[in-house]
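Please look through the structure shown below before reading on, and keep it in view while you follow the report.

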Amino acid sequence: SPSISADGRYVTFDSIASNLVSGDTNDMYDVFVHDRGASGPYAISGHVSDAAGNPLADVTISAYSGGSATTDGSGTYTFTNLITGTYTLTPHKHIYTFTPTTRTVSVPPDATGQDFTAPELEEVYLPLILRNP
């Protein structure tokens, strides 16, 4: 019976059919592996903005096995050349938090509109301590 790898990329099966491989005349079972990931590449893209809708540049979006991408001046990021699979996107920029904190996206098809928002930062005032020398 056919078997599919955990990530869905590879399918294996066996067959005694003689018309699957040229010159197969031995009447024996043959084992086949099909790579479904070779049908890509696919892309994931989105936009990162603050609570007021202003774009945030230099936000790193990690996709684990898909690597990482950084937002440009318009807050846009794009992952390209992705194989069939599921990716967990996580944004990061020092002192910011994001909503949602992660997104899980499957390709195909290409996934656009995978957006994140950073709420307004609250001003924090720290006490100033002066000491006499």
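A search of the whole structure finds 3 aromatic pairs. One of them joins Phe13 and Phe32, whose rings are stacked, with 5.2 Å from centre to centre and 20 degrees between the planes. Phe13 belongs to strand β2 (residues 10–15) and Phe32 to strand β3 (residues 30–35), so this pair ties together parts of the chain that are 19 residues apart in sequence. Another pair is made by Tyr77 and Phe79, and because their planes stand at 75 degrees, with the ring centres 6.0 Å apart, this pair is edge-to-face. All of this should be read with the reminder that the model is predicted.

| Residue | Relative accessibility | Class |
|---|---|---|
| Phe13 | 31% | partly exposed |
| Phe32 | 17% | buried |
| Tyr77 | 1% | buried |
| Phe79 | 3% | buried |

Phe32 counts as buried because its value of 17% falls under the cut-off of 20%, whereas Phe13, at 31%, counts as partly exposed.

As general background, nonpolar side chains in soluble globular proteins tend to be buried together.

Which residues is Ile61 in contact with, once its neighbours within four places in sequence are left aside? Ile61 is in contact with Val48, Tyr77, Phe79 and Leu89, and its list also includes Gly67, Ser68, Ala69, Thr90, Pro91 and Phe116. Phe116 takes part in a further arrangement, for the charged end of Arg103 sits over its ring, 5.7 Å from the ring centre.

With a relative accessibility of 39%, Ser3 counts as partly exposed. Leaving aside its neighbours within four places in sequence, Ser3 is in contact with Tyr10, Val11 and Thr12. Ser3 and Val33 are 30 residues apart in sequence, while their C-alpha atoms are 9.5 Å apart in space.

Technical notes. Residues are numbered from 1 along each chain as its sequence is written. This is a predicted model: local features need pLDDT of at least 70, side-chain atom pairs count only at pLDDT 80 or more; totals for chains, interfaces and linings use all residues. Side-chain values use heavy atoms; hydrogens and water are left out. Buried means under 20% relative accessible area, exposed over 50%, partly exposed in between (1.4 Å probe, protein chains only). Contact means heavy atoms within 4.5 Å. Rings of Phe, Tyr and Trp (its six-membered ring) pair if their centres lie within 6.5 Å; planes under 30 degrees apart count as stacked, over 60 as edge-to-face and the rest as tilted. Helices (H or I, at least four residues) and strands (E, at least two) are DSSP runs, numbered from the N terminus. A charge sits over a ring if NZ of Lys or CZ of Arg is within 6 Å of the ring centre and within 35 degrees of the ring normal.
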